[in-house]
Amino acid sequence: MTDPLDIRKAVDLLRRGGLVAFPTETVYGLGADADNDQALKAIFRVKGRPETHPLIIHLHQMEQLQDWAASIPDPAKKLAERFWPGPLTLILRKASRVSRVATGGQETVGLRVPDHPVALSLLREFAGGVAAPSANRFGKVSPTTAEHVRQDLGSDVDFVLDGGPCSIGVESTIVDVSSGDPVILRPGGLTRERLEEALGRPVPVKGAGPVRVSGQLESHYAPRAEVLIVRPGEEEERATELRSKGRKVVVLREKDVEARELYASLRRADESGVDVIIVPLPDTVGLGLAVADRLQKAAARR
Ligand code: TXA
Ligand code: MG
């Protein structure tokens with residue numbers, strides 16, 4: 001259990017414009033007061049993130065939606081009721097109070113209620129919205145433990161709340177419900193199957209073509225080593241080929257790339273000093289859709 005005094009300290013820091021890293025069920029977030037533009041700017045600075053990349057605002061209960069969204073279409077209400085707290089971010093038209101620093105200048109805002117006792121205590125006690133991207137430098141592997149956050153951000157973060165390893169291990173599913181039919185902008189911890197079941201209709205994934213050619217995507221979620229995705233069964237052949245060229249290679253197994261293990265596995269591979277990480281592409285069912293998405297971005301040309 002996290003000490004209530006740590007929550008108090010974190011809330012005080014947020015109120016004074018500080019940056020607090022906190023656990024969620026997906027990944028650790030780097031939090032700041034969503035109503036404080038200076039604090040929001042510090043997030044972008046510390047992450048090295050372009051100002052046009054909007055931040056997700058975290059709330060402790062669905063009832064706060066009306067303070068942050070200008071309108072709440074039926075599908076949004078339905079999804080929030082069904083899946084919050086949980087690994088789902090809803091994109092809605094922003095209420096006037098929402099800072100354009102948080103939204104990267106856009107008229108929409110990403111909102112989510114995370115399902116983690118430490119995050120919920122923090123958010124409840126803070127009472128406002130906490131803007132939080134994943135607590136890593138821009139483009140790098142997301143953190144799923146407090147130790148990962150300390151390794152990545154060091155003294156650039158004022159305080160790290162430790163809630164143990166994240167139970168899901170990949171980021172929230174982002175669903176645009178701001179106008180018309182819901183669309184998945186980023187596959188994540190809430191599966192497409194569960195979304196479709198809740199809404200009773202297909203929910204498309206934006207930009208998902210049949211085959212995504214390596215190098216077409218922007219690099220993200222990337223370890224230092226090169227990531228090579230292969231068809232399951234072809235791992236050893238590729239490893240032998242690369243080793244014969246003098247490259248240091250590690251082969252990840254299916255269990256290493258389950259959502260909960262994925263980012264820790266990529267970090268361990270980097271720590272072992274390899275040049276190439278060979279990964280079998282997972283089936284894109286359930287959480288496999290999010291894992292495949294992250295791997296494809298990690299494998300994109302730098
Ligand atoms: O699980 C998560 O979502 C974690 C935890 C900490 O909650 N947060 C997270 O934040 O992954 P971040 O900043 O690393 O990724 C947020 C993504 C970005 O790709 C951003 O472009 C998108 O959400 N996003 C945020 N607001 C948006 C908006 N108004 N319209 C479209 N995309 C938005
Ligand atoms: Mg991120």
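Trainee: How far is a polar side-chain atom of R49 from an oxygen atom of ligand 1?

Mentor: The gap is 2.8 Å. Keep in mind that this is a predicted model. To read such a pair, remember that a polar contact is two N or O atoms within 3.5 Å.

Trainee: Which distance goes with the side chain of H58, and which with that of S134?

Mentor: For H58, an N or O atom of the side chain sits 2.6 Å from an oxygen atom of ligand 1. For S134, the side-chain N or O atom is 3.0 Å from a ligand oxygen. As for cover, the protein takes up 87% of the 680 Å² of accessible area that ligand 1 has on its own.

Trainee: Which elements give two or more residues to the shell around ligand 1?

Mentor: Look at β3 (56-58), β5 and β9 (183-186). The biggest giver is β5, with 4 residues. Altogether 22 residues surround ligand 1, and the closest are T26, R49, H58, S172 and R186.

Trainee: And what about pockets: which one does ligand 1 take up?

Mentor: The space taken by ligand 1 is the largest pocket.

Trainee: Let's move to strands. How many bridges join β4 to β5, and in what sense do the two run?

Mentor: As a rule, two strands pair if there are at least two bridges between them. Here 4 bridges join β4 to β5 (residues 108-112), and the two run antiparallel. β4 also pairs with β8 (residues 173-176), in the parallel sense and over 4 bridges.

Trainee: How many residues of β4 are buried?

Mentor: The strand, residues 88-93, is mostly covered, with 5 of its 6 residues buried.

Trainee: Why does K297 count as buried?

Mentor: Buried means under 20% relative accessible area. K297 has 19% relative accessibility, so it counts as buried. You'll find K297 in helix α10 (residues 288-298). The C-alpha atoms of K297 and G139 are separated by 9.5 Å, though the two residues are 158 apart along the chain.

Trainee: Now the backbone. Which residues are joined by a cis peptide bond?

Mentor: Look at omega: for the bond between W84 and P85 omega is about -5°, and that bond is cis. P85 belongs to the loop between α4 (74-83) and β4.

Trainee: What is phi at Y221, and which loop holds it?

Mentor: Y221 is not a glycine either, yet its phi is positive, about 55°. Y221 sits in the loop between α7 (192-199) and β10 (226-230).

How values were computed. Residues are numbered from 1 along each chain as its sequence is written. Chains are lettered from A and ligands numbered from 1 in the order in which they are written. This is a predicted model: local features need pLDDT of at least 70, side-chain atom pairs count only at pLDDT 80 or more; totals for chains, interfaces and linings use all residues. Side-chain values use heavy atoms; hydrogens and water are left out. Buried means under 20% relative accessible area, exposed over 50%, partly exposed in between (1.4 Å probe, protein chains only). A residue is near a molecule or strand if one of its heavy atoms lies within 4 Å of it. A polar contact is a pair of N or O atoms within 3.5 Å; within protein, one must be able to donate a hydrogen and the other to accept it, and residues adjacent in sequence count only if both atoms are side-chain atoms. Accessible areas come from the Shrake-Rupley method with a 1.4 Å probe; for residues, only the protein chains shown count as cover. On a 1 Å grid over the protein atoms alone, a cavity is a set of points where a 1.4 Å probe fits but cannot get out, and a pocket is an open set with protein on both sides within 12 Å along at least five of seven lines; lining residues have an atom within 4 Å of a point. A molecule sits in a cavity or pocket if more than half of its atoms lie within 2 Å of its grid points.
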